[in-house]
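Student: Can we go through this structure together? I'd like to start with a helix and then look at charged pairs.

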Amino acid sequence: MPRTAQEPAPSSWIPVPRSHVHKHNADEAMLTAWRQTGPDTFLIRALWPGSHSFYSTGTDGTDPLLFGETVRQCLPMLSHAAYEVPLGHHLLWETYDYSLTNGQPADHTRSGPHTMPREITLYVRCTDVTRRGARAAAATVHIRALHGDSLIGTATTRFTVQSPAVYRRLRAEYADTAHALERRLLPPAPLPAREAGRGRTHDVVLAPTTVPGRHQLRVDTGHPVLFDHPVDHVPGILLLDAARQAAHAASAARPCHAIGMTTRFFRYVEFDAPCWVETAADPAAPTRLRVTARQYGRECFTASVALTTVPRANVRFAMCGVG
C-alpha cells in the first residue's frame, strides 16, 4: 500500500521520552521517535519486541493488544510533545476502534523460536481538536500502521484531557490511588487459559460464573504489564483484553483472533466491586459478538468484536502455568 508521506531523513526524527508514553518500565515503551508533517499530522516510529512475556510477537500476525497499546501510547505522546499538555494531566479514553489486515493472526498460546524486533511506522492525523487555552483538551486520532510497505491495521480513537484538579473532582473518593488500591478485591480463580485464548493462567483476566455468557473481571494489580505503575482504576487495555478473552470464550470456533473492535468507554471500572463481563450476539452486526462490562448495575464499557478463526495447522499450544 503506498505511503502517505515521504520517509524523512533519520536526523529529522525526535526521540520519545518514556515519560511521554506513561510507562515506568522502559521495556514497555513501544514508541521510539516522531516528527510532525503538517498542522495536525505526524509520523511516529514504534519498535515491537521480538519476544514479550504478555504480547504475542510472532511474524504470522498482529497481537490486537500490542497494536492497541501502541495506539494508546500515541495519545499521551502527542498530547505532551505536540499539543502542550503538561505531564501530570490525565487522559480519558472515550472510543477506540481498530481493524487489523493481517491474513494470519497471532496466537497467544503458540510456542516456538523468538522473532526479531519489528519497526512500525504510524501515520497519524488528528481531527476535532478542542483546546483549553494553549493546550489540547480533546482530540480524535486516526492511525495507519505499516511494517515496511505492508499495512498492519488502522485505528480511530477519541480521548479527552483533564487537569489534576478537575480529575480529582471527577474521581472524588477514588482519586487517591493508594486508597483505591487498598479497597481492591482479591482476584477470583481464573478461566482456563486455553478457553480465554491465553497461554499462561497469569494473563487471564476473566473468572467463570454460573451464568452462561457471563464472567467476572479478574483484576490482578500485581501484573507487571497491565499494571506497569499504580493507578486508581482498571486500565483500558485490561478491558480490551477482557473483551478479546470473552469473545474467544464465547466463540463456537477456537482458537480465534479479534481482528477488529468497536469500543466505547462510559465509566471507570473500580477495584472495590465485582465487574461483570457479558457476551452475546451483536444485534447490530450479526457476524460480531457484543461484550459489555457492568459494575454497580451500570454499563461501563462495550465492545463489538469481529473474530477470525486461527487455522489449526498454525497452532502449537504451550504448557499453561500459573505464571
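This is a predicted model: local features need pLDDT of at least 70, side-chain atom pairs count only at pLDDT 80 or more; totals for chains, interfaces and linings use all residues.

Student: Is α1 mostly covered or mostly open?

Tutor: Mostly covered: 17 of its 19 residues are buried. Buried means under 20% relative accessible area, exposed over 50%, and partly exposed in between (1.4 Å probe, protein chains only).

Student: What caps its N-terminal end?

Tutor: Asp-63 does, with a side-chain oxygen 2.8 Å from the backbone nitrogen of Leu-65.

Student: New topic. How many salt bridges does the structure hold?

Tutor: It holds 14. A salt bridge is a side-chain nitrogen of Lys or Arg within 4 Å of a carboxyl oxygen of Asp or Glu.

Student: Which residue does Arg-171 pair with?

Tutor: Glu-270, and the closest N and O atoms are 2.7 Å apart. Arg-171 lies in helix α2 and Glu-270 in the loop between β10 and β11, so the pair ties together parts that are 99 residues apart in sequence.

Student: Are those two buried or exposed?

Tutor: Arg-171 and Glu-270 are both buried.

Student: And which residues are linked in a network of salt bridges?

Tutor: Arg-214, Glu-278, Arg-294 and Glu-299. Within that group, Glu-299 and Arg-294 meet at 3.7 Å, N to O. Glu-299 counts as partly exposed because its relative accessibility is 26%.

Definitions and conventions: Residues are numbered from 1 along each chain as its sequence is written. Side-chain values use heavy atoms; hydrogens and water are left out. Helices (H or I, at least four residues) and strands (E, at least two) are DSSP runs, numbered from the N terminus. A polar contact is a pair of N or O atoms within 3.5 Å; within protein, one must be able to donate a hydrogen and the other to accept it, and residues adjacent in sequence count only if both atoms are side-chain atoms.
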